Amino acid sequence: RKPVTINTLQSMYRKGEPIAMLTAHDFPSAHAADHAGIDMVLVGDSLAMVALGMEDTSEVLLDEMLLHCRSVARATKTAFTVGDLPMGSYEINPEHALTSAIRMIKEGRMKSVKLEGGAEMAPTISKITTAGIPVLAHIGLTPQRQNSLGGFRVQGKNTASALKLLEDAYAVQEAGAYAVVVEAVPAEVASLVTKKLSIPTIGIGAGNGCSGQVLVQVDMLGNYPPGRFLPKFVKKYGNVWGESMRAIEAYRADVKSRAYPAPEHTYPMGMSKEEFAEF
Ligand code: KIV
Ligand code: NA
């Protein structure tokens with residue numbers, strides 16, 4: 001496969017071919033996504049929780065994101081990469097945001113950046129895209145703003161909120177975003193936004209009418225302990241946690257019973273029995 005570029009994404013959009021995007025947070029998870037033919041790999045700030053064990057995304061630093069972005073970039077040969085700008089790295093002013101975006105490209109080795117926000121972020125999106133860095137916008141439920149949204153709530157449910165979503169979508173498109181993530185929005189509203197726009201929408205919890213979809217890789221793989229809360233939109237495509245437990249428990253039991261290592265896992269000796277007896 002040829003590397004996915006911004007032109008590839010545009011042509012998929014024109015043809016109505018859905019864009020498949022997935023997060024990755026390190027070399028192995030990026031390798032898997034790329035190998036499976038994913039179009040866009042996102043180093044989401046969700047890695048704060050899924051890779052670093054933080055409470056929410058507000059804790060992760062740009063420097064920490066950059067380390068993970070670099071490892072993802074090393075494994076991603078085909079997919080178009082997106083580095084998520086973490087909270088605190090882009091809000092102060094467009095110049096500050098551009099400085100962070102440049103670091104995402106130069107140090108993180110990403111092909112594009114993502115930032116949360118609608119109309120209010122238009123000057124920032126414009127500043128970054130003018131510098132030649134593609135921007136993926138993110139509207140609807142914006143997790144970095146959970147405290148001002150009053151938690152993880154579905155957006156665009158009533159007329160005023162749906163209208164705001166549409167205005168945000170137009171604003172980020174006008175500002176030069178190459179696509180926009182639409183998170184936790186009723187399917188009908190997300191479909192309408194998709195129809196009105198001339199850039200792709202990437203849905204997460206936004207129904208089947210978007211131009212593409214994104215999920216957090218550890219969630220869709222089922223790579224988490226039982227009992228963890230998951231949003232309604234997550235479909236569990238695997239049971240990686242179950243498979244890991246099976247394998248690790250079997251290894252542990254084999255060590256305890258001395259079933260492992262077996263002769264086939266053991267190096268032969270080069271000495272004769274006589275030589276060994278003297279040694
Ligand atoms: O951080 C993340 O993983 C994201 C996607 C789920 C859109 O922002
Ligand atoms: Na994110």
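Ala-184 counts as buried because there are 23 C-beta neighbours inside 10 Å of it. The cut-offs are these: a residue is buried with 20 or more other C-beta atoms within 10 Å of its own, exposed with 12 or fewer, and partly exposed in between, with C-beta atoms placed from the backbone. Ala-184 sits in the loop between β6 (179-183) and α9. Its phi is near 50 degrees, a positive value in a residue other than glycine.

Before going on, the conventions. This is a predicted model, where local features need pLDDT of at least 70, side-chain atom pairs count only at pLDDT 80 or more, and totals for chains, interfaces and linings use all residues. Residues are numbered from 1 along each chain as its sequence is written, while chains are lettered from A and ligands numbered from 1 in the order in which they are written.

Back to phi. Arg-258 also has a positive phi, about 60 degrees, and is not a glycine. Arg-258 lies in the loop between α11 and α12. Is Arg-258 buried or exposed? Arg-258 is exposed, because 8 other C-beta atoms lie within 10 Å. In the loop between α11 (240-257) and α12 (273-278) we also find Pro-261. The peptide bond leading from Tyr-260 to Pro-261 is cis, with omega near -5 degrees. For background, most residues other than glycine have a negative phi, and most peptide bonds are trans.

Now the whole chain. The protein chain has twelve helices and eight strands. Helices (H or I, at least four residues) and strands (E, at least two) are DSSP runs, numbered from the N terminus. Along the principal axes, the C-alpha atoms fill a box of roughly 85 × 40 × 40 Å. Of the 279 residues in the protein chain, 42% are buried. Taking contacts between residues at least 6 apart in sequence, 57% join residues at least 24 apart. A contact here requires the C-beta atoms of two residues, placed from the backbone, to lie within 7 Å.

Next, the sheet. How do the eight strands close? They form a barrel in the order β1-β2-β3-β4-β5-β6-β7-β8, and the pairing is parallel. Neighbouring strands of this sheet are turned by 25 degrees against each other on average, direction ignored. The axes behind that angle are lines fitted to C-alpha atoms, for helices over the stretch in contact, and angles run from 0 to 180 degrees between N-to-C directions. Two strands pair if DSSP finds at least two bridges between them.

Strand by strand, then. Strand β1 (residues 19-23) is joined to strand β2 (residues 40-43) by three bridges, and the two run parallel. Leu-22 stands opposite Val-41 in β2. On the β8 side, β1 pairs with strand β8 (residues 212-215) over four bridges, in the parallel sense. There, Met-21 has Val-214 in β8 as its bridge partner. Strand β7 (residues 201-204) also pairs with β8 in the parallel sense, over two bridges. Gly-203 stands opposite Gln-213 in β8.

Which residues are around ligand 1? They are Thr-23, Leu-42, Gly-44, Asp-45, Ser-46, Asp-84, Val-181, Ile-204, Val-214 and Val-216. Being near the ligand means a C-beta atom, placed from the backbone, within 6 Å of it. By class, this shell has five nonpolar, three polar and two charged residues. In that scheme Ala, Val, Leu, Ile, Met, Phe, Trp, Tyr, Cys and Pro count as nonpolar, Asp, Glu, Lys and Arg as charged, and the others, Gly among them, as polar.

On to the core. The largest nonpolar core has 65 residues, and those with the most contacts inside it are Met-40, Val-41, Ala-137, Val-172 and Ala-177. Helix α4 (residues 62-75) gives the most to this core, six residues. Such a core is a set of buried Ala, Val, Leu, Ile, Met, Phe, Trp, Tyr and Cys residues joined through C-beta atoms within 7 Å. Leaving aside neighbours within four places in sequence, Ala-137 is in contact with Leu-115, Ile-125, Val-172, Ala-177, Val-180 and Val-181.

Thr-129, in helix α6 (residues 122-130), is partly exposed because it has 19 other C-beta atoms within 10 Å. Lys-195, in helix α9 (residues 187-196), counts as exposed, with 9 C-beta neighbours inside 10 Å.
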